[in-house]
Amino acid sequence: MSEFNKYFRPGFLEVFCGPMKSGKTLELMHRVERLKYMSGISIAYFKPSTDKRSKGFHSRFQNIENNCYVVDNSSEITDLIKDEKIVVMDEAQFFDDGICSVTNKLLDEKKNVIIAGLDLDFKGDPFGPMPNILALANEITKLSGICDYKGCNNPAYFTQRLINGEPASRESPLVLVGDKDYYETRCRKHHQVLE
Ligand SMILES: [Zn+2]
């Protein structure tokens with residue numbers, strides 16, 4: 001395998017997943033950074049527009065990549081890609097289910113697809129299309145955070161949603177109007193969902 005192929009992998013799907021504050025976007029950008037310097041290899045960046053509605057889920061990705069396409073529907077992605085050989089997506093949990101067939105098509109076209117997203121929602125359930133994206137992946141990096149619960153510091157794989165300082169209930173909507181919600185990273189022992 002040449003040095004070139006070590007970084008650029010046509011038809012290969014790489015996924016970075018984990019809870020909030022586990023450094024997914026950072027890992028994604030670190031991966032992209034090495035690819036950026038290759039001549040003749042351009043990169044297309046995508047993010048679902050849903051992300052704009054939920055401030056708690058805001059990532060640094062868009063600030064880093066000014067040329068990121070924000071799409072309402074996954075079906076827009078293939079039309080926006082020109083001759084880019086690398087396709088990068090962040091906050092993939094908010095894409096619609098069509099993202100899997102789009103990803104398959106990109107892989108058929110020998111694109112190197114690199115995706116980051118939350119694998120579990122605040123309830124601890126698989127998040128949106130992420131289970132299917134992970135099933136398609138050739139390589140998965142599952143990241144953990146550090147539990148935010150006071151005095152714990154254990155590895156954390158869950159995203160804790162708090163509304164007005166209290167654990168959110170299972171029925172609480174994805175997007176809140178009025179109430180203040182925020183997120184912490186928690187271990188299994190300290191992850192709480194009100195039934
Ligand atoms: Zn903990």
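Reply: The model is a predicted one, and one of its open sheets has three strands in the order β10-β9-β11, paired antiparallel. Its edges are formed by β10 (166–167) and β11 (181–186), each of which pairs on one side only. Between β9 (residues 158–163) and β10 the antiparallel pairing consists of two bridges; I163 has E166 of β10 as its bridge partner.

Another open sheet contains six strands, paired in parallel and arranged in the order β3-β2-β4-β5-β1-β6. Its edge positions belong to β3 (68–71) and β6 (139–142); each has a single partner strand, so one side of each lacks a neighbour in the sheet. From one strand to the next, the twist averages 20°.

Within this sheet, β2 can be followed on both of its sides. Towards β4, the two strands run parallel and are joined by four bridges. Two residues of this pairing can be named: Y45 stands opposite V88, and F46 stands opposite M89. Towards β3, there are again parallel strands joined by four bridges, and here F46 has Y69 as its bridge partner. Strands of a sheet pair through backbone hydrogen bonds, whether parallel or antiparallel.

How far is β2 covered? Five of its six residues are buried, and the strand is mostly covered. I43, which lies in this strand, has 17 C-beta neighbours inside 10 Å and therefore counts as partly exposed, the cut-off for burial being 20 or more. Beyond its neighbours within four places in sequence, I43 contacts V32, L35, K36, E84, I86 and V88. E84 stands 41 residues away along the chain, yet the C-alpha atoms of I43 and E84 are separated by 5.3 Å.

Helix α2 (residues 24–36) touches β1, β2, β4, β5 and β6, and its direction makes about 165° with that of β5. Helix α5 lies across β1, β4 and β5, and runs at about 155° to β5. The buried residues of α5 are I99, V102, T103 and L106. Viewed down the helix axis, they fall within an arc of 100°, so these buried residues line one face of α5. Their cover includes the strands β1, β4 and β5, together with the helices α4 (77–80) and α6. Just after α5, K110 adopts a positive phi of about 70°.

The loop between β4 and α5 contains D96. With 16 C-beta neighbours inside 10 Å, D96 is classed as partly exposed. Leaving aside neighbours within four places in sequence, the contacts of D96 are with N73 and S74. S75 is 21 residues from D96 in sequence, and the C-alpha atoms of these two residues are 9.2 Å apart in space.

The mean pLDDT of the protein is 88, with 86% of its residues reaching 70 or more. Over residues 53–57, by contrast, the pLDDT is below 50, and the model gives this stretch eight contacts beyond near neighbours in sequence.

Terms used
Residues are numbered from 1 along each chain as its sequence is written. This is a predicted model: local features need pLDDT of at least 70, side-chain atom pairs count only at pLDDT 80 or more; totals for chains, interfaces and linings use all residues. Two strands pair if DSSP finds at least two bridges between them. A residue is buried if 20 or more other C-beta atoms lie within 10 Å of its own, exposed if 12 or fewer, and partly exposed in between; C-beta atoms are placed from the backbone. The arc is that of the directions from the helix axis to the C-beta atoms. Two residues are in contact if their C-beta atoms, placed from the backbone, lie within 7 Å. Axes are lines fitted to C-alpha atoms, for helices over the stretch in contact, and angles run from 0 to 180 degrees between N-to-C directions. pLDDT is the predictor's confidence in each residue, from 0 to 100.
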